[in-house]
Amino acid sequence: MPFSHRAPPGKLVSMTNFDIPATMRAIGQDVLGGPEVLHEIELPVPSPGPGEILIRVHATALNPTDWSHRARAGLFLPAPPFVLGWDVSGEVAAIGAGVTLFRPGDEVFGMLPYPHGHGAAAEFVTGPTRAFARKPATLSHIEAAAVPLAALTAWQALVDTANIQAGQRVLIHAAAGGVGHFAVQIAKHRGAHVIGTASSANHALLRDLGADEVIDYRTTDFTEAVRDVDVVLDPLTGENAIRSLRTLRPGGLLTTLRAIGAEQVPAEAAARGVRAVILLVEHDHGGMTALAELAGSGALRPVIADTFPLAEAAKAHALGETGRTAGKLVLTVR
């Protein structure tokens with residue numbers, strides 16, 4: 001088999017009260033292409049190295065980066081074969097040398113290091129201990145799996161980067177999407193006035209999540225409807241990011257999530273007297289812990305668009321690529 005699992009072998013130092021098998025199911029691909037290139041494969045169960053934990057995966061969520069890497073070369077990963085997926089919710093099965101934060105049996109959730117730590121679409125996965133936090137008891141594994149990559153992106157954009165404050169005006173594009181629906185809740189929790197763009201079908205959802213204003217991007221030019229915002233979060237195209245600069249107050253900040261295709265945005269922002277940064281999400285124990293606290297208190301609620309068993313990952317990818325889902329798509333593993 002040409003695929004080589006990303007995790008190096010390590011000494012398995014402890015395990016839970018279930019047996020860890022020698023092999024596991026995963027969803028892999030040998031070539032780039034449409035959802036049909038995804039297929040179930042069998043791989044050795046990896047062992048955690050120093051500072052790593054082995055997780056028995058209960059659920060993993062999909063993000064647009066999954067179908068982007070599945071279909072196109074020239075992004076962050078080398079050519080396949082590979083197993084995609086970054087979101088994980090599950091149970092610690094074993095710990096590597098030096099790990100003290102978790103013990104076997106602990107329920108955890110988190111994001112594998114992006115982009116090169118992929119491999120969550122499998123029954124087991126290893127990752128750095130501090131990429132994870134304890135799963136809130138109030139969330140199911142399906143709900144918890146929906147949180148990490150998308151919510152960390154929103155957290156790192158709005159809190160770590162923009163440091164939004166109560167009373168500030170925040171514009172969130174694609175506000176009903178994976179990142180967007182978490183961003184609405186995080187911004188509202190911080191006391192901001194939240195403006196979201198989405199199709200009219202999702203306006204009720206956004207208001208329920210806390211949005212103060214909603215704009216139908218299909219019928220309204222947001223550059224005419226919105227002015228003097230402090231922060232814009234834009235997961236869309238570089239062209240949309242440049243248009244969004246018009247909505248910022250002098251000195252305002254735009255964070256775009258398009259690491260490829262938005263290289264000209266910071267220079268255009270500077271010419272307009274505002275700031276723009278390009279954000280790439282990072283694994284983050286502190287951020288995951290903060291998100292766990294928000295979710296545990298009910299201040300952060302993942303919206304689940306649909307669930308699929310692991311074997312039907314191709315169907316989930318096909319649905320995700322339509323761009324018509326609100327919230328997250330989740331693959332159930334256990």
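**Entry 1: aromatic pairs**

I looked for pairs of aromatic rings in this predicted model and counted 2 aromatic pairs.

I turned to Trp86 and Tyr114. Their centres are 5.1 Å apart and their planes stand at 55°; because planes over 60 degrees apart would be needed for edge-to-face and under 30 for stacked, I recorded this pair as tilted. This pair, too, links distant parts of the chain: Trp86 is in the loop between β4 and β5 (87–95), Tyr114 is in the loop between β6 and β7, and 28 residues separate them.

I noted that the ring pairs join Phe76, Trp86 and Tyr114 into a cluster.

**Entry 2: burial of the cluster**

Which of these residues are buried, and which partly exposed? I found both Trp86 and Tyr114 to be buried. For Tyr114 I noted a relative accessibility of 15%, and the limit for buried is under 20%, so the residue counts as buried. Phe76 has 27% relative accessibility and therefore counts as partly exposed.

**Entry 3: a charge over a ring**

I next examined Phe124. The charged end of Arg334 sits over the ring of Phe124, and I recorded 5.2 Å to the ring centre.

**Entry 4: the sheet**

I traced an open sheet of 6 strands and wrote down its order as β11-β10-β9-β12-β13-β14, with parallel pairing. I asked which strands form its edges. They are β11 (213–216) and β14 (275–278), each of which pairs on one side only. The twist from one strand to the next averages 15°.

Strand β13 (residues 248–256) pairs with β14 in the parallel sense, over 4 bridges. Within this part of the sheet, I identified Val277 of β14 as the bridge partner of Thr255.

Technical notes:
Residues numbered from 1 in each chain as written. Predicted model: local features only at pLDDT ≥ 70, side-chain atom pairs only at ≥ 80, totals over all residues. Heavy atoms only, no water. Pairing = 2+ DSSP bridges. Helix = DSSP H or I, 4+ residues; strand = E, 2+ residues; numbered from the N terminus. Axes fitted to C-alpha atoms, helices over the stretch in contact; angles between N-to-C directions. Phe/Tyr/Trp six-rings, centres within 6.5 Å; stacked < 30°, edge-to-face > 60°. Buried < 20%, exposed > 50% of the residue type's maximum accessible area, 1.4 Å probe, protein only. Lys NZ or Arg CZ within 6 Å of the ring centre and 35° of its normal.
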